[in-house]
Amino acid sequence: MNKYKVFWLVFFGGLLLFAGAMVWYTQRALTPYPPDEAALRALESSADLEVRATVYGWVFVPKEAVKGGLAFYPGGLVEPQAYAPVLRQIAARGYRVALLRVRFNLAVTEQGKARAALAEAPELPWAVGGHSLGGVVASNFTQSNPEVRALVMWAAYPQNDLSGKDLPTLALFGERDGVVRGEQLEASAPKFPKNTLKQVIPGLNHAGFGAYGPQRGDNPATISAEEGWSQIAQRTTAFLDQHLGSAAR
């Protein structure tokens, strides 16, 4: 075998190895966190709450009077069903909750997805929210959709400067969050709407906002998953009651 054949064999062999490595890395990097059993159970209807699939994802609708709506974007590379345990508790307290499904489990690919949920019940006062990357996208959505009455951000901060907006905003964080860094929050602090309510839940980590197991880079939580979900739901509902509930009466 002459040296030219050896060269091309080595060259194309290297290309194949590189291509294979890139495919493996891409598949690994884009593999989403799946929902656990508790999340799947939370997607079942009950006597007082209807849960159904829609063109935009899922909707939780209480059988009694509805005070308002919350359209929710999932975190990056997290399957949306993972947020069902918390969102179900919010819906049970009188809110229509739309859980949005987005392409590739990345909310940035469908930043306007909440419009379909709002259009389905235009008579309600609506808030838009999300976890992590989903919270960033929710904050972007409020900029071009002034009909949104409130913003809910779980373990997230605005990408754009919202400091000039008079928009009721809840920013919930976990004390044990290992994904959202303190320096990131400090740098983004001036971008939050001026009347933002910021709260930190003791013992909660980043993944604790959903039900999808441990997340890379996160710290272990020091409270149970159920206690975390309860705290998130209680604090979010109290905020919605203040800024949406009165508008529906």
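User: Before the details, what does "buried" mean here?

Analyst: A residue is buried if its relative accessible area is under 20%. The model is a predicted one, and the word is applied to it in that sense.

User: What makes helix α3 largely enclosed by the rest of the structure?

Analyst: Seven of the nine residues of α3 are buried, so the helix is largely enclosed by the rest of the structure. The buried residues in α3 are Ala 84, Pro 85, Val 86, Leu 87, Arg 88, Ile 90 and Ala 91. Just after α3 comes Gly 94, with a positive phi of about 110°.

User: Why does Gly 57 count as buried?

Analyst: Its relative accessibility is 6%, and the cut-off for buried is under 20%. Gly 57 therefore counts as buried. This glycine is found in strand β2. Between the C-alpha atoms of Gly 57 and Pro 80 the distance is 8.2 Å, although 23 residues separate the two in sequence.

User: How do you know that strand β2 is mostly covered?

Analyst: Strand β2 covers residues 57–62, and six of its six residues are buried. Strand β3, residues 68–73, is also mostly covered, with six of its six residues buried.

User: Which residues of β3 point one way and which the other?

Analyst: Gly 68, Leu 70 and Phe 72 point one way, while Gly 69, Ala 71 and Tyr 73 point the other way. Residues on both sides of β3 are buried.

User: How do you know that β3 pairs with β4?

Analyst: Two strands pair if there are at least two bridges between them. Five bridges join β3 to β4 (residues 95–100), and the two strands run parallel. In one example, Gly 68 stands opposite Tyr 95 in β4. From β3 the chain crosses through α3 (residues 84–92) to β4, in a right-handed β-α-β crossover.

User: How many bridges join β3 to β5?

Analyst: Five bridges join these strands, which run parallel; β5 is made of residues 126–131. The threshold for pairing is at least two bridges. Phe 72 stands opposite Gly 129 in β5.

User: In which sense does β2 pair with β1?

Analyst: The sense is antiparallel, over five bridges, with β1 at residues 49–53. Glu 50 stands opposite Val 61 in β2. The two strands form a hairpin with three residues between them. On another pairing, β2 and β4 are antiparallel over four bridges, and the bridge partner of Phe 60 in β4 is Val 97.

User: What holds strands of a sheet together in general?

Analyst: Strands of a sheet pair through backbone hydrogen bonds, either parallel or antiparallel.

User: What makes β7, α6 and β8 a unit, and what is its hand?

Analyst: They make a β-α-β unit, and it is right-handed, with α6 at residues 182–188. Strands β7 (residues 169–174) and β8 (residues 196–201) pair in the parallel sense over six bridges. Phe 173 stands opposite Val 200 in β8. Strand β7 also runs parallel to β6 (residues 150–154), to which four bridges join it. There, Met 153 has Ala 171 in β7 as its bridge partner.

User: What is the order of the strands in the open sheet?

Analyst: The eight strands have the order β1-β2-β4-β3-β5-β6-β7-β8, and the pairing is mixed.

User: Why do β1 and β8 stand at the edges?

Analyst: Each has a single partner strand, so one side of each is left without a neighbour in the sheet. The twist averages 15° from one strand to the next.

User: What lines the largest pocket?

Analyst: This pocket has a volume of about 220 Å³. Its lining has 15 residues, and Gly 76, Leu 77, Ser 132, Val 179 and Gln 215 lie nearest the centre. By class, eight are nonpolar, six polar and one charged.

User: What is the volume of the second largest pocket?

Analyst: The volume is about 160 Å³. Of the 14 residues that line this second largest pocket, Asn 205, Ala 207, Gly 208, Gly 210 and Ala 225 are the closest to its centre. The lining has eight nonpolar, five polar and one charged residues.

Definitions and conventions: Residues numbered from 1 in each chain as written. Predicted model: local features only at pLDDT ≥ 70, side-chain atom pairs only at ≥ 80, totals over all residues. Heavy atoms only, no water. Buried < 20%, exposed > 50% of the residue type's maximum accessible area, 1.4 Å probe, protein only. Right-handed = clockwise from strand over helix to strand, strands pointing away. 1 Å grid on protein atoms, 1.4 Å probe; cavity = no way out; pocket = protein on both sides within 12 Å on 5 of 7 lines; lining within 4 Å. Points joined across faces, edges and corners; volume = space filled by probe spheres on them. Nonpolar A, V, L, I, M, F, W, Y, C, P; charged D, E, K, R; others polar. Axes fitted to C-alpha atoms, helices over the stretch in contact; angles between N-to-C directions.
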